[in-house]
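Open your viewer and get ready to click along with this short tour. Have the selection tool at hand.

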Amino acid sequence: MGRKLLLEHINVPGINTFQVYKEKGGYRAVEKALKTMSSDDVVEEVKKSGLRGRGGAGFPTGMKWSFLAKPEGVPRYLVCNADESEPGTFKDRYLMTHIPHALIEGMIVGSYALGANTSYIYVRGEMMPQIRILEKAIAEAKAAGYLGKNILGSGYDLEIYVQPGGGAYICGEETALLESLEGKRGNPRIKPPFPAIAGLYGCPTVVNNVESIAATVPIVNEGGEEYAKIGIGRSTGTKLISASGNINKPGVYEIELGLSVEDFIYSDEYCGGIANGKRLKAVVAGGSSVPILPANLILNLANGDKRLMSYESLSEGGFATGTMLGSGGFVVLDEDQCIVRNTWNFSRFYHHESCGQCSPCREGTGWMEKVLHRIEYGHGKMSDIDLLVDVSKKIEGNTICPLGDAAAWPVASAIRHFRDEFEWHVKEPKLALERNYGLARYADPIEIAEEA
Amino acid sequence: MLRVEEVQAVEFSSALISKFDEIVSRYPEGRSKSALLPILHEVQAVYGWLSSAAMDKVAEYLNIQPIEVYEVATFYTMFFLKPQGKYVLEVCRTGPCCLVGAEKIMDYIGEKLGVKEGEVTADGLFSYRGVECLAACGYAPVLQIGPEYTFYENLTPESVDQLIEDLKDK
């Protein structure tokens with residue numbers, strides 16, 4: 001059993017209430033930080049922990065905090081990104097539903113560290129039940145003196161508000177989120193300036209994912225160095241993985257980074273293997289944006305070693321043979337799934353969610369969706385496959401925000417690793433409408449190049 | 001039935017206005033436009049959709065131009081710009097849900113209700129539409145129903161039948 005830092009008490013009845021959460025050791029981090037630490041001490045512990053942003057980008061949280069500008073007389077803000085909408089990702093919903101106080105406690109610790117007196121939790125609008133849960137948790141914490149004026153007699157004041165989004169994936173991008181929080185369309189801003197200098201209302205702002213903020217609680221409690229002992233290499237601590245698709249036990253799992261991918265998929269503690277006795281065909285390991293890998297490359301590195309659930313191991317081999325940990329949205333496809341159809345579906349998603357600001361993304365995502373649609377429905381041409389690669393390359397890196405890259409990578413990687421399946425759709429359009437391509441050679445052992 | 005009559009005249013109740021006031025108090029002085037999305041959610045929860053008259057009223061309340069409300073209402077997919085069924089079944093149609101049968105469930109709902117996506121049933125009770133990832137991939141297939149966005153998970157044709165019957169009896 002791996003260590004659980006966030007979900008340790010998930011099965012305790014009433015853990016969603018302040019009282020039970022506190023009985024189980026909750027709000028110790030607030031007491032410790034406000035009574036015994038300076039705000040810089042807290043930032044220092046988070047730096048030492050090696051915690052990396054859990055929303056997808058993996059940027060060190062402590063570093064992000066230390067970049068915050070602190071001009072005199074200007075308010076600073078901590079904004080929690082709870083706009084969870086990356087396909088395959090549902091860990092933040094889980095955490096907010098079951099242990100809302102873990103987020104509230106983290107928000108207090110984080111706001112104190114950054115010197116923010118007003119903080120916002122931007123929750124995607126569809127999570128109305130979670131918004132109610134958080135509002136109740138905030139009210140409970142406030143009634144107990146952990147929010148409001150002069151918290152625990154420390155002289156520190158803090159209010160936390162919950163802001164609903166309106167159903168737009170793009171608002172998970174931090175500057176689009178800030179625009180939305182200001183009551184505008186979610187169009188990402190041109191950077192620089194970064195939010196650390198000019199964020200919400202033009203003031204210095206840190207935007208952190210739900211899980212990153214919650215993870216600061218055990219970091220403050222046990223110390224950054226202790227936290228950094230968990231995990232492997234630069235992938236410290238635990239990570240929530242959202243597991244979905246064709247597995248026996250879909251759900252949210254907290255893992256110690258460094259677990260093997262094979263154990264995660266097949267052990268009973270986690271996914272419990274592929275559902276209905278089928279065989280594994282492919283995995284999207286970190287949310288829909290990251291490159292899809294065939295069974296053989298997700299389980300093993302190109303040199304034959306086991307691939308691990310860590311930032312480094314998942315990205316080993318670059319995009320040629322690797323992928324990314326991303327948000328931890330782990331989507332498993334069995335042998336009956338069609339890669340072309342899945343890629344088309346993801347492309348439609350990105351086309352739908354493009355904010356339309358940058359033409360490569362606005363137009364390119366639509367092109368990719370249409371071309372993939374015609375391949376899937378038996379009207380594709382062989383030249384369409386290279387056309388898709390060409391369009392994806394022209395989107396990648398040419399947009400204000402990473403949505404363009406996020407749209408390009410799934411298409412480029414699907415063709416990179418499953419080109420024969422795309423070609424089969426073009427060559428056998430009637431057959432492709434009747435049945436799927438199947439497992440083919442995607443689970444065969446990798447041919448390891450002999451060292452010279 | 002359809003609430004088209006409200007296009008002509010919209011008067012927010014005092015209860016709704018005090019809710020707006022509470023929302024505005026969450027932001028710093030001079031930043032009341034931040035209240036726009038939460039306020040639009042409140043308005044839609046009452047009227048079922050956002051008529052231009054309602055949006056104009058919101059603009060008036062926040063002291064901003066009507067276009068500032070329209071551009072937001074048209075950007076975010078949760079806001080309805082025309083009348084809907086009393087219950088809008090919003091079915092997730094993104095990748096992970098489709099791996100476990102979301103497309104079939106959506107077809108089944110269409111057949112069961114006897115309407116196309118986006119249309120309202122003759123009794124005014126139901127409409128349905130496909131929506132993008134709802135961040136509930138582990139419980140797929142899923143659908144949600146506003147204004148409280150209650151979730152229905154691990155859908156089967158039988159559970160859809162039951163849900164529709166329950167809503168009819170409500």
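This is a predicted model: local features need pLDDT of at least 70, side-chain atom pairs count only at pLDDT 80 or more; totals for chains, interfaces and linings use all residues.

Begin with A:Pro192, in the chain A loop that runs between helix H8 (174-181) and strand S4 (205-209).

Staying in chain A, select helix H3 (residues 39-49) together with helix H6 (residues 100-114): they pack at an angle of about 115°, their axes 7 Å apart. This crossing of H3(A) and H6(A) is left-handed. To see the contact, show A:Ser39, A:Val42 and A:Val43 on H3(A), then A:Val109, A:Tyr112 and A:Ala113 on H6(A). Sorted by class, that makes five nonpolar residues, one polar and no charged ones.

Now move to B:Lys33, in the loop between helix H1 (14-24) and helix H2 (36-47) of chain B. Is this lysine buried or exposed? B:Lys33 counts as buried, because its relative accessibility is 17% and the cut-off is under 20%. Its side chain makes a polar contact with the side chain of B:Glu68, at 2.9 Å. Among the residues that B:Lys33 touches are A:Glu182, A:Gly183 and A:Lys184.

Next, pick B:Pro147, in the loop between strands S3 (143-145) and S4 (150-152) of chain B. The bond from B:Gly146 to B:Pro147 is cis, with omega near 0°. B:Tyr149 lies in the loop between S3 and S4 of chain B; its phi is positive, near 55°, and the residue is buried at 4% relative accessible area.

Notes: Residues are numbered from 1 along each chain as its sequence is written. Chains are lettered from A and ligands numbered from 1 in the order in which they are written. Side-chain values use heavy atoms; hydrogens and water are left out. Axes are lines fitted to C-alpha atoms, for helices over the stretch in contact, and angles run from 0 to 180 degrees between N-to-C directions. Helices (H or I, at least four residues) and strands (E, at least two) are DSSP runs, numbered from the N terminus. A crossing is left-handed if the near helix is turned anticlockwise from the far one by less than a right angle, and right-handed if clockwise. Contact means heavy atoms within 4.5 Å. Ala, Val, Leu, Ile, Met, Phe, Trp, Tyr, Cys and Pro count as nonpolar, Asp, Glu, Lys and Arg as charged, and the others, Gly among them, as polar. Buried means under 20% relative accessible area, exposed over 50%, partly exposed in between (1.4 Å probe, protein chains only). A polar contact is a pair of N or O atoms within 3.5 Å; within protein, one must be able to donate a hydrogen and the other to accept it, and residues adjacent in sequence count only if both atoms are side-chain atoms. Lists of a residue's contacts leave out its neighbours within four places in sequence.
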